[in-house]
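Thanks for passing this one along. Here are my notes, in numbered points, to read beside the sequence and the model.

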Amino acid sequence: MSLRLGDIAPNFQAKTSMGDIDFYEYIGDSWAVLFSHPADYTPVCTTELGRTATLQDEFAKRNVKVIALSVDPLDSHEGWIKDINETQNVEVNFPLIADENKEVAIAYDMIHPNASEKTTVRSLFIIGPDKKIKLIISYPASTGRNFTEILRVIDSLQLTAYHSVATPADWKDGEDVVVLPAIKTEDIPAKFPKGFTEVKPYLRMTPQPNK
Ligand code: BEZ
């Protein structure tokens, strides 16, 4: 059965480019991004792993551990990482799972047989410190992911996990947010001392509370 938002992310043990790992031990109390690649030595994946390496400080700042997966073996990963470092001018400093037996890919439903029987699509899971799945996105092999959007979603997930707000369309960190409908308008001033605007009784905007 496929995984859904709010489900517990399955734990697994795997060989990676940074040694054997237990997934839960690797992520500890952090947030995590687990994302799959159709195959090693492919052009779009090469740019995606390079971009992720470039953004390592951004992920670390948000307390996010990143881990990639491809169903190719470890020696293939090692050679490919050298190419990524050389061509993308980076140092890949996060693990790449060698999921040769497709155990993790199957547990996370990363193989979509009508797209490809043998390789994973570009699945991406964001997992919270409670090990629950907060976001799932699937891209086809031919479309590289937008990592600025991944960081934006992490900002939204982390904000809305701790404050009674939601983030509107195209929201970016620092912009006004929506007060949750469950909060009564008369209770807003006490909860949101920066003020609020009532656009409609169901649409109340307030400055981002943690800024
Ligand atoms: C790529 O990562 O470049 C790729 C993989 C499979 C199909 C098309 C592109």
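1. S76 lies in helix α4, where helices (H or I, at least four residues) and strands (E, at least two) are DSSP runs numbered from the N terminus. At 16% relative accessibility S76 counts as buried; buried means under 20% relative accessible area, exposed over 50%, and partly exposed in between (1.4 Å probe, protein chains only). The side chain of S76 makes a polar contact of 2.7 Å with that of D40. A polar contact is a pair of N or O atoms within 3.5 Å; within protein, one must be able to donate a hydrogen and the other to accept it, and residues adjacent in sequence count only if both atoms are side-chain atoms.

2. A word on the source of these values: this is a predicted model, in which local features need pLDDT of at least 70 and side-chain atom pairs count only at pLDDT 80 or more, while totals for chains, interfaces and linings use all residues. Residues are numbered from 1 along each chain as its sequence is written, and side-chain values use heavy atoms, with hydrogens and water left out.

3. For the overall picture, the chain has 7 helices and 11 strands. Of its 211 residues, 45% count as buried. Along the principal axes, the C-alpha atoms fill a box of roughly 60 × 40 × 30 Å.

4. How is the chain divided into domains? The assignment gives domain 1 (13–145) and domain 2 (163–206), with bounds that come from an automatic or database domain assignment. Taken over C-alpha atoms, the centres of domain 1 and domain 2 are 35 Å apart.

5. Now to the ligand. The residues around the ligand are T42, P43, V44, C45, R122 and A141, a residue being near a molecule if one of its heavy atoms lies within 4 Å of it. This shell divides into 4 nonpolar residues, 1 polar and 1 charged. Here Ala, Val, Leu, Ile, Met, Phe, Trp, Tyr, Cys and Pro count as nonpolar, Asp, Glu, Lys and Arg as charged, and the others, Gly among them, as polar. Helix α2 (residues 43–54) gives the most to the shell, with 3 residues.

6. Which polar atoms does the protein place by the ligand's oxygen atoms? A polar side-chain atom of R122 lies 2.9 Å from an oxygen atom of the ligand. An N or O atom in the side chain of T42 is 3.0 Å from a ligand oxygen, and a polar backbone atom of P43 is 3.1 Å from a ligand oxygen. Taken alone the ligand exposes 260 Å², and the protein buries 70% of that; accessible areas come from the Shrake-Rupley method with a 1.4 Å probe, and for residues only the protein chains shown count as cover.

7. The largest nonpolar core has 29 residues. Such a core is a set of buried Ala, Val, Leu, Ile, Met, Phe, Trp, Tyr and Cys residues joined through side-chain atoms within 4.5 Å. V33, F35, L49, F59, F94, I126 and I150 have the most contacts inside it. At least two core residues come from each of β3 (31–36), α2, β4 (64–70), α4 (74–88), β6 (122–127), β7 (133–139) and α6 (147–162). Helix α6 gives the most to this core, with 6 residues.

8. Do look at S36, which is placed in strand β3. S36 counts as buried because its relative accessibility is 0%. S36 and T120 are 84 residues apart in sequence, yet their C-alpha atoms are 6.5 Å apart in space.

9. S30 sits in the loop between α1 (23–27) and β3. With 9% relative accessibility, S30 counts as buried. A polar contact of 3.1 Å joins the side chains of S30 and N63.

10. Two backbone angles deserve a glance. N89, in the loop between α4 and β5 (96–98), has a positive phi of about 60° although it is not a glycine. K131, in the loop between β6 and β7, is likewise a residue other than glycine with a positive phi, near 70°. Is each of them buried or exposed? N89 counts as exposed at 70% relative accessibility, whereas K131 counts as buried at 14%.

11. Lastly, R152 belongs to helix α6 and is partly exposed, with a relative accessible area of 23%. R152 and T47 are 105 residues apart in sequence and 19 Å apart in space, C-alpha to C-alpha.
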